[in-house]
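Here is a note for a colleague who will be working from the coordinates. The points below are numbered so that each can be checked separately.

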Amino acid sequence: MNYHWNWRIFWEIAPDGVGTYMDTLWSGLMWTLATAGCAWIIALALGLVVGTVRTLPNKWVVAAANAYVELFRNIPLLVQMFLWYFVMPELLPQAAGDWLKSLPNSAFITAVLCLGTFTSSRVAIQVTTGIQALPRGQKMAGTAIGLTLPQTYRYILLPMAGRVILPPLTSEFLNIIKNSSVALTIGLMELTASARAIQEFSFQVFEAFSAATIIYVVVNLLVVVLMHLIEKKVAIPGFIVAGSSGGH
């Protein structure tokens, strides 16, 4: 049986009567961007803290930070998504668990927390690597001019390490956008779930997922361009770290 192509499907009214199939894709894109953006904020905040702690001289806090990284890095994302959505509410006090399950956007909140913590473990590794890639003289210079250890991290090590790790952070940002598609398994109508809904209602599978693919590519290309502009803006001329790619 020959497949019937119909690229005009996106301008047809969806079965819910609210809008067209193109509106369905647009809504899915907004949920994808909202999920990835909120999760990225959590990932950066947690990753910065955990990654920095892994470079401190205190072996106990380093061990705790390493345990955090290994926990979230070694459990598959899909399993973590199910644990956050189905198991976590049951572990909370009953009132809190019932409240969480009754939230209208519980799938969105779950996806944000899951993606944020999962990606934070990867960001933490990048932060640790960036700090350790800096010349040892920078930390010693901070101590020599009378800075405390927190001040040395704040004013010297972290600003320089941030410039070093911008390229790998770009990759993690792209990953979190793509990984948001896993949230369809808990009912979040993000971009992939929207494309799947179009396919199920219209049976135009190639058109639906071709459109979703193009949207993912365009969004990720925009992220790459934006991060490249930021990298050029904050680059320090003449600063090059051994083993880094490109001129930092």
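1. Basis. The model is a predicted one, in which local features need pLDDT of at least 70 and side-chain atom pairs count only at pLDDT 80 or more, whereas totals for chains, interfaces and linings use all residues. Residues are numbered from 1 along each chain as its sequence is written, and side-chain values use heavy atoms, with hydrogens and water left out.

2. Fold content. The protein chain holds 10 helices and zero strands, where helices (H or I, at least four residues) and strands (E, at least two) are DSSP runs numbered from the N terminus. Read along the sequence, the pattern is accordingly written α-α-α-α-α-α-α-α-α-α. Taken along the principal axes, the C-alpha atoms fill a box of roughly 75 × 50 × 30 Å.

3. Of the 248 residues, 42% count as buried; buried means under 20% relative accessible area, exposed over 50%, and partly exposed in between, with a 1.4 Å probe and protein chains only. Among contacts (heavy atoms within 4.5 Å) with a separation of 6 or more, residues 24 or more positions apart account for 73%.

4. Surface and charge. The accessible surface of the protein chain comes to about 13800 Å², and 69% of that belongs to carbon and sulfur atoms; the areas come from the Shrake-Rupley method with a 1.4 Å probe, and for residues only the protein chains shown count as cover. There are 14 positive and 11 negative side chains, and the centres of the two sets lie 21 Å apart. Here Lys and Arg count as positive and Asp and Glu as negative, while His and the chain ends are not counted, and the place of a charge is taken as NZ of Lys, CZ of Arg, CG of Asp or CD of Glu.

5. Helices α7 and α8. The axes of helix α7 (residues 149-164) and helix α8 (residues 166-179) come within 5 Å and cross at roughly 65 degrees; axes are lines fitted to C-alpha atoms, for helices over the stretch in contact, and angles run from 0 to 180 degrees between N-to-C directions. In this contact Gly-162, Arg-163 and Val-164 of α7 meet Leu-166, Pro-167 and Pro-168 of α8. The residues of the contact divide into four nonpolar, one polar and one charged, where Ala, Val, Leu, Ile, Met, Phe, Trp, Tyr, Cys and Pro count as nonpolar, Asp, Glu, Lys and Arg as charged, and the others, Gly among them, as polar.

6. Leu-25 and Ser-194. Leu-25 lies in helix α1 (residues 21-53), and it counts as buried because its relative accessibility is 2%. Leaving aside neighbours within four places in sequence, Leu-25 is in contact with residues including Phe-10, Leu-191, Ser-194 and Ile-215. Ser-194 in turn belongs to helix α9 (residues 191-202) and is buried, with a relative accessible area of 2%. Not counting residues up to four places away in sequence, Ser-194 touches Thr-24, Leu-25, Gly-28 and Met-189.

7. Ala-43. Further along in helix α1 is Ala-43, which counts as buried at 0% relative accessibility. With neighbours within four places in sequence left aside, Ala-43 is in contact with Leu-48, Gly-116, Thr-119, Ser-120 and Val-123. The C-alpha atoms of Ala-43 and Cys-114 are separated by 9.9 Å, although these residues are 71 residues apart along the chain.

8. Met-227. This residue is found in helix α10 (residues 205-234) and is buried, its relative accessible area being 10%. Apart from residues up to four places away in sequence, Met-227 touches Leu-166 and Thr-170. Its C-alpha atom is separated by 9.5 Å from that of Phe-173, 54 residues apart along the chain.

9. Pro-89. Helix α3 (residues 77-91) contains Pro-89, which is buried with a relative accessible area of 6%. Pro-89 touches Trp-84, Gly-97, Leu-100 and Lys-101, not counting residues up to four places away in sequence. Between Pro-89 and Leu-100, 11 residues apart in sequence, the C-alpha to C-alpha distance is 6.7 Å.

10. A backbone point to check. Which residue has a positive phi although it is not a glycine? Phe-203 does, with a phi of about 65 degrees, and it is found in the loop between α9 and α10. Phe-203 is exposed, with a relative accessible area of 64%.
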